[in-house]
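Subject: Structure for you to look at

Hello,

Here is the structure I promised to pass on. Please open it beside this email and follow along.

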Amino acid sequence: MSALTREELARSGSLEELYGKLDRIGLGPGWNKPTPSLWTSPRKTFQPAHWAYELARGALDAAGRLINTELAERRNLILFNPAEGNTYGTVRTIVAAYQMIMPGEWARAHRHTPNALRLILDAEPGTYTVVDGLNIAMEPGDVLLTPNWSTHGHGNASKACAYWLDFLDAPLVQLLEPMFFEPHEEEDQSHEAFDEDPPTKDSPFVFTLAETAQRLDAAEATPAGPFGTAIELGGPALDTVGLHMMRLAPGVRTEAHQSTANNIYAIVRGSGVTDVDGTRFAWRRGDVIAAPAWRPHFHEAADDALVFRVTDEPVLQKLGFYRINS
Ligand SMILES: [Fe+2]
């Protein structure tokens with residue numbers, strides 16, 4: 001194929017001829033695109049969705065027999081959104097996963113640029129996460145942070161399997177491309193010492209359920225607000241992810257909320273229903289609901305419920321893209 005010259009391009013006698021030549025020099029006519037680049041409002045590409053802890057737990061128990069943590073970096077199940085073509089993100093920017101480690105296991109330490117956090121669902125005393133060398137106890141309802149590039153591994157010195165929900169901004173990092181990952185060198189020796197150490201909760205990387213419940217008791221009650229009565233954990237807890245604990249009063253319907261941010265709701269306690277853009281999802285402890293960007297949604301609790309909200313609001317706010325439809 002011979003190179004085109006400026007003169008040859010300038011002499012194009014028809015649009016057809018010009019399009020053929022443009023293609024050869026890596027240009028496309030902006031006035032003749034097959035699909036638009038701009039649209040009037042968010043397209044709601046990601047779908048409302050619900051995942052049941054009960055089912056995930058059954059699957060994790062099978063994986064416990066079939067996959068050991070020597071073979072897998074983590075024994076987890078990804079809550080991928082049923083959006084067409086998607087195999088990873090729970091919403092556009094955040095992925096959630098159910099994870100389990102068995103008694104006596106150690107999920108080896110590593111670090112990565114994606115920010116991560118976990119909500120503990122079921123764990124006996126003796127379950128812990130080591131964050132940058134500190135052994136932090138994990139108890140149900142606790143939220144543990146492992147920010148960008150912090151080294152973290154998980155251990156279970158209890159006699160019961162431990163289950164939790166992971167949340168990572170990995171889909172966002174994949175999009176922006178600053179992805180780095182590194183296994184921790186001294187993985188085999190490092191965790192054994194921590195099995196002996198008394199675990200602590202005195203760390204900025206953990207929000208305990210006890211502390212969160214106290215803060216909710218003291219918070220201004222707004223049961224019919226979009227998130228019930230709610231407090232923020234951190235401010236925001238991670239650069240890219242905001243965390244909030246919501247208390248929903250029985251029988252109260254929250255105000256519908258529609259924003260450009262993505263929201264994932266994980267149930268800490270209670271049962272109820274969340275309506276996401278017309279689809280109703282009944283939920284109970286450990287379940288997860290995805291309310292992707294621009295999907296109006298509201299909640300109704302059947303009993304006194306605690307719901308953990310994970311959102312990319314900080315990203316949208318920092319970039320000037322956060323909008324609420326009210
Ligand atoms: Fe990790």
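**The end of helix α2**

Start with Gly26, which follows helix α2. Its phi is positive, near 75 degrees. Bear in mind that this is a predicted model.

Now step back into the helix itself. Helix α2 covers residues 15–24, and its buried residues are Tyr19, Lys21 and Leu22. What do the buried residues of α2 pack against? They pack against α1, residues 6–10. An α-helix has 3.6 residues a turn, so residues three or four places apart point the same way.

**The iron site**

Next, find the iron ion. Which residues coordinate the iron ion? They are His110, His112 and His152, each through NE2, at 2.1 to 2.2 Å. Along the sequence, the donor residues are spaced H-x1-H-x39-H. His112 lies in strand β4, and His152 lies in strand β9 (residues 152–156), so this pair ties together parts that are 40 residues apart in sequence. Both His112 and His152 are buried.

Look for aromatic rings next. A pair of rings is described by the distance of the centres and the angle of the planes. The count of aromatic pairs comes to five. One of them joins Tyr53 and Tyr98: their ring centres are 5.7 Å apart and their planes meet at 20 degrees. Planes under 30 degrees apart count as stacked, so the Tyr53 and Tyr98 pair is stacked. Tyr53 sits in helix α3 and Tyr98 in strand β3, so the pair ties together parts 45 residues apart in sequence.

Tyr163 lies in strand β10 and Tyr53 in helix α3, so the pair ties together parts that are 110 residues apart in sequence. At 3% relative accessibility, Tyr163 counts as buried. Put together, ring pairs link Tyr53, Tyr98 and Tyr163 into a cluster.

**Salt bridges**

Now for charges. Side chains of opposite charge can pair when their charged atoms come close. How many salt bridges does a search of the whole structure find? It finds 13. Here are some to look up.

- Asp122 and Arg57: the closest N and O atoms are 2.9 Å apart. The pair links distant parts of the chain, with Asp122 in strand β5 (residues 116–122) and Arg57 in helix α3 (residues 53–66), 65 residues apart. Arg57 has 28% relative accessibility, so it counts as partly exposed.
- Glu105 and Arg75: the closest N and O atoms are 2.7 Å apart. This pair, too, links distant parts of the chain, 30 residues apart. Glu105 is in the loop between β3 (95–101) and β4 (106–112), and Arg75 is in the loop between α3 and β2 (76–78). Glu105, at 14% relative accessibility, counts as buried. Arg75, at 3%, counts as buried.
- Glu313 and Arg309: the closest N and O atoms are 2.8 Å apart. Both residues, Glu313 and Arg309, are buried.

**A buried charge without a salt bridge**

End with Asp169. Where does Asp169 lie? It lies in the loop between β10 (162–168) and α4 (170–176). Asp169 is buried yet has no salt bridge. The nearest side chain of opposite charge is Lys318, 9.2 Å away. A salt bridge needs the side-chain nitrogen within 4 Å of a carboxyl oxygen.

What does the side chain of Asp169 make a polar contact with? It is the side chain of Thr240, at 2.6 Å. Leaving out residues up to four places away in sequence, Asp169 touches Thr93, Pro114, Asn115, Thr240 and Val241.

Best wishes

Conventions: Residues numbered from 1 in each chain as written. Predicted model: local features only at pLDDT ≥ 70, side-chain atom pairs only at ≥ 80, totals over all residues. Heavy atoms only, no water. Helix = DSSP H or I, 4+ residues; strand = E, 2+ residues; numbered from the N terminus. Buried < 20%, exposed > 50% of the residue type's maximum accessible area, 1.4 Å probe, protein only. Donors = N, O, S within 2.8 Å, 3.2 Å for Na, K, Ca; no water. Lys, Arg positive; Asp, Glu negative; His and termini not counted. Polar contact = N/O pair within 3.5 Å; in protein donor to acceptor, adjacent residues only side chain to side chain. Contact = heavy atoms within 4.5 Å. Phe/Tyr/Trp six-rings, centres within 6.5 Å; stacked < 30°, edge-to-face > 60°.
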